[in-house]
Amino acid sequence: MALSRDQIAQRVAQELQDGFYVNLGIGIPTLVANFIPKDIEVMLQSENGLLGMGAFPTEDEVDADLINAGKQTVTMAAGASIFDSAESFAMIRGGHVDLTVLGAFEVDVNGNIASYMIPGKLIKGMGGAMDLVAGADNIIVTMTHASKHGESKLLSNCTLPLTGKGCIKKVLTDLAFIEIKAGQFHLLERAPGVSVAEIIELTQGELVIEGDIPEMKFS
Amino acid sequence: MSGFDKVVYSYEEAMAGLTDNMTIIAGGFGLCGIPENLISEIKHKGTRGLTLVSNNCGVDGFGLGLLLPDRQISKIIASYVGENAEFERQMMSGELSVELTPQGTLAEKMRAGGAGIPAFYTATGVGTPVAEGKDERQFNGRDYILEEAIVGDFAIVKAWKADRYGNLVFRKTARNFNPLAATAGKITVVEVEEIVEPGQLDPDEIHTPGIYVNRLIQSTFEKRIEQRTTRPAGE
């Protein structure tokens with residue numbers, strides 16, 4: 001079975017470590033916040049200028065001056081700090097954020113990512129995504145493995161305008177956890193009940209399979 | 001009367017000198033911390049051919065979106081423009097020119113503009129459409145592109161509190177691009193919720209020193225919320 005959005009988030013959350021500063025993009029990445037293991041502390045960075053993002057506010061706590069990068073009302077966790085946008089991107093560009101999780105339309109074997117524009121269809125802008133992929137070392141891309149029409153999103157070459165070049169090393173899809181190295185995809189784990197053959201079928205770029213591929217574990 | 005007193009008492013006075021085809025840098029992220037009354041004044045003035053530099057372009061009928069129906073903006077430099085149907089129509093028809101700029105690059109362009117730095121190298125955008133036509137150079141084996149600073153004829157800024165000398169304090173994430181915009185205007189106009197006397201703000205807590213501010217006006221704000229998300233009480 002392909003993973004649900006929540007399960008993708010849950011698997012990403014297993015990559016979090018105690019003391020990590022983390023930036024979560026819009027969509028599935030945002031859900032990762034719901035699965036942070038109870039025994040560790042992480043601090044969420046929101047690129048509009050907040051480190052230490054808390055839960056959504058109650059109706060009484062709503063404050064128009066306190067939002068996240070998705071423009072949603074939020075609260076601040078204990079130990080939070082507020083700063084301007086240049087400071088925020090100094091953290092990101094300076095490599096101070098430990099883990100970045102973001103969505104994409106396409107990823108290719110050379111670690112290129114396309115996530116912000118479909119010419120003629122969707123032109124909304126890159127927001128902070130180009131800064132995030134250029135500035136972070138540790139990035140996990142979350143997306144569905146293929147489109148609704150069965151077209152692979154894991155390609156030998158991205159077809160859409162790039163968000164970043166050669167910057168992606170890990171991709172978690174609804175079918176597989178994949179590492180990118182030396183111009184190839186490497187299959188690390190598969191979703192429970194999904195066969196290696198199914199993953200090969202829906203991966204257009206070169207995919208390396210070494211030994212037995214374990215199923216992802218959800219406790 | 002002090003030469004440092006920046007307070008003005010009408011919006012007409014606040015935006016005096018703004019003329020067609022000028023460049024305006026605006027603070028704000030989405031609808032959070034936007035100089036909403038200064039934007040209304042620009043609409044009221046009917047100034048046209050403007051280049052706007054702002055992370056976003058408001059929504060239909062609020063924020064910078066107010067300047068779209070009368071086609072007052074000819075070019076916008078922004079990182080994300082997704083919430084606005086009229087914007088999309090003008091962009092697709094070519095009436096409005098859009099320069100999509102990564103958010104961090106946009107912030108740094110303002111910061112550099114205000115600090116007298118003409119350009120800077122960044123890894124952001126290398127190998128993407130953003131890099132087209134820009135100088136590329138390697139430092140320590142990594143590729144970077146040259147991005148130029150931005151200075152505005154005007155900067156329009158929203159702060160929380162100020163003293164009469166234009167020392168500014170921002171509130172929560174309404175800070176965003178505002179302190180950067182404040183440094184990068186030839187004329188910087190700030191609207192605030194409260195103005196106090198010099199000496200009443202703790203110098204250690206001032207986010208933007210008054211040297212960057214030319215005009216200051218006190219007002220009230222709607223503070224519209226774009227995505228009101230809540231959790232049930234008691235959780």
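Why does A:Thr203 count as buried? At 8% relative accessibility, A:Thr203 falls in the buried class, because buried means under 20% relative accessible area, with exposed over 50% and partly exposed in between (1.4 Å probe, protein chains only).

This is a predicted model, where local features need pLDDT of at least 70, side-chain atom pairs count only at pLDDT 80 or more, and totals for chains, interfaces and linings use all residues. Residues are numbered from 1 along each chain as written, chains are lettered from A and ligands numbered from 1 in written order, and side-chain values use heavy atoms, leaving out hydrogens and water.

Back to A:Thr203: you'll find this residue in the loop between helix 5 (196-201) and strand 15 (207-208) of chain A. Helices (H or I, at least four residues) and strands (E, at least two) are DSSP runs, numbered from the N terminus. Leaving aside residues up to four places away in sequence, A:Thr203 touches A:His145, A:Ser152, A:Leu154 and A:Phe185, where contact means heavy atoms within 4.5 Å.

Over in chain B, helix 2 (residues 36-45) buries B:Glu36, B:Asn37, B:Leu38, B:Ile39, B:Glu41 and B:Ile42. Their cover includes helix 1 (11-14) and strands 1 (23-26), 2 (50-53), 8 (152-158) and 11 (185-192) of chain B. After helix 2 of chain B comes B:Gly46, with a positive phi near 75°.

| Element | Chain | Residues |
|---|---|---|
| helix 4 | chain A | 129-135 |
| strand 7 | chain B | 142-148 |

Helix 4 of chain A gives the most, with three residues.
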